[in-house]
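Here is a set of questions and answers on one chain. Keep the sequence and the 3D view open while you read.

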Amino acid sequence: MNEALESLLDLLDLERIEQDIFRGLSRRSVVPRVFGGQVAAQALVAAGRTVPDDRAVHSLHAYFLRAGDPGAPIVYTVDRIRDGRSFTTRRVVAVQHGQPIFHLSASFQAYEEGMEHQEPMPKAPDPLTLPTAAEMLPRYAGGALSEEAVAYLLEARAAVDLRYVDAPPFAGVGEPREPKSQVWFRTNGKLDGAIDQPLLHVCLVTYVSDMTLLDSVLLAHGRGGWVVGDVVGASLDHAMWFHRPLRADEWLLYDQESPTAQGGRGLGKGSIYTADGRLAVSVIQEGVVRVPRGRG
């Protein structure tokens, strides 16, 4: 396990400051806001710590209300909305400087047998045949990306081994492509011992799910993204459905597409598959995606 993954796990190990009230810190950032995947994952940790271990999260629905301050702690307050025979519902509000910055509703379910089917896993190359971030990103330094942008991406993704199947948006600025993308990902290290808990794996996948989902919006318009500076934006809302067990430290295929963009907003849809072809998670996110004035 590398140092970056250990740091991320520390961020997800929230401090309990009162019953159903937790406090989390943020990663140092070169951008003046908290990464959305972090606050979503921490909120899910807070919700999960108030639910019996035999109930797994099956869905979450979240709204990003304000930009988080990476220099200040985030307080997560959990409301125990419902404890039923099969389902448990929690609501979490994240607060900084006296104002809510994020709202999450999560539902948990006790295991039960039922009907089963799924869409087949799309074709994708073996992840081990694809370049790592450390191998790929420096190719774009001084060209599509500044040296600072490359350093930022390498640091931001150091806890996760994330590999693009096709060229990322910043590799083809000005060249619109089909609004579809794929990445393989897993944590940069195995999770074992006391930390090897199903909730942690789900929270880590929630963290990663916000990294590349809007890439397909950018591809449709030949935009390089936030690191290039030809768009500005932020996540607005985020929804996930967890269908089958998964491990964040084993390869997962994130298949993503954008069916529409309009009104300064873009929609991304994603499906996350285990390496053996099981559909584990469905994801939908809408974000603000605006072209800066003067950039066409």
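Q: Which residue in the turn of the β11 and β12 hairpin has a positive phi?
A: This is a predicted model. In it, β11 and β12 form a hairpin with 4 residues between them. The turn residue with a positive phi, about 95°, is G277.

Q: Is G277 buried or exposed?
A: G277 sits in the loop between β11 and β12. The cut-off for buried is under 20% relative accessible area. G277 has a relative accessible area of 18%, so the residue counts as buried.

Q: How many bridges join β11 to β12?
A: β11 covers residues 265-274, and β12 covers residues 279-290. The two strands run antiparallel. In this pair, K269 stands opposite I284 in β12. The number of bridges joining β11 to β12 is 9.

Q: How many of the residues of β11 are buried?
A: In the sheet order, β11 comes between β12 and β10. The strand is mostly covered. Of its 10 residues, the buried number is 7.

Q: Which are the edge strands of the sheet?
A: The sheet is open and has 12 strands, in the order β1-β2-β4-β5-β6-β3-β9-β12-β11-β10-β8-β7. The pairing is antiparallel. An edge strand pairs on one side only. That leaves β1 (15-18) and β7 (160-164).

Q: What angle does the direction of α2 make with that of β6?
A: α2 packs on the sheet. The helix touches β2 (21-24), β3 (55-64), β4 (74-83), β5 (87-96) and β6 (99-110). Its direction makes an angle with that of β6 of about 50°.

Q: How are α2 and α5 oriented to each other, and why?
A: α2 spans residues 36-48 and α5 spans residues 198-209. Their axes come within 8 Å and cross at roughly 160°. An angle over 145 degrees counts as roughly antiparallel. The two helices are therefore roughly antiparallel.

Q: How many charged residues does the contact of α2 with α5 have?
A: α2 passes α5 in a right-handed crossing. α2 contributes G37, Q38, A40, A41, L44, V45 and G48, and α5 contributes L199, V202, C203, T206 and Y207. By class, 8 are nonpolar and 4 polar. Charged residues: no such residues.

Q: How are α1 and α5 oriented to each other, and why?
A: α1 covers residues 3-12. This helix and α5 pack at an angle of about 105°, with their axes 11 Å apart. Angles of 65 to 115 degrees count as roughly perpendicular. α1 and α5 are therefore roughly perpendicular.

Q: Into which class do the residues of the contact of α1 with α5 fall?
A: α1 brings L8, L9 and L12. α5 brings L200, L204 and Y207. There are no polar and no charged residues, and 6 are nonpolar.

Q: Is D20 buried or exposed?
A: D20 lies in the loop between β1 and β2. Its phi is near 70°, a positive value in a residue other than glycine. At 10% relative accessibility, D20 is buried.

Q: Is H97 buried or exposed?
A: H97 is found in the loop between β5 and β6. Its phi is positive too, near 50°. The cut-off for exposed is over 50%. With a relative accessible area of 63%, H97 is exposed.

Technical notes:
Residues are numbered from 1 along each chain as its sequence is written. This is a predicted model: local features need pLDDT of at least 70, side-chain atom pairs count only at pLDDT 80 or more; totals for chains, interfaces and linings use all residues. Side-chain values use heavy atoms; hydrogens and water are left out. Axes are lines fitted to C-alpha atoms, for helices over the stretch in contact, and angles run from 0 to 180 degrees between N-to-C directions. Angles under 35 degrees count as roughly parallel, over 145 as roughly antiparallel, 65 to 115 as roughly perpendicular and the rest as oblique. A crossing is left-handed if the near helix is turned anticlockwise from the far one by less than a right angle, and right-handed if clockwise. Contact means heavy atoms within 4.5 Å. Ala, Val, Leu, Ile, Met, Phe, Trp, Tyr, Cys and Pro count as nonpolar, Asp, Glu, Lys and Arg as charged, and the others, Gly among them, as polar. Buried means under 20% relative accessible area, exposed over 50%, partly exposed in between (1.4 Å probe, protein chains only). Two strands pair if DSSP finds at least two bridges between them.
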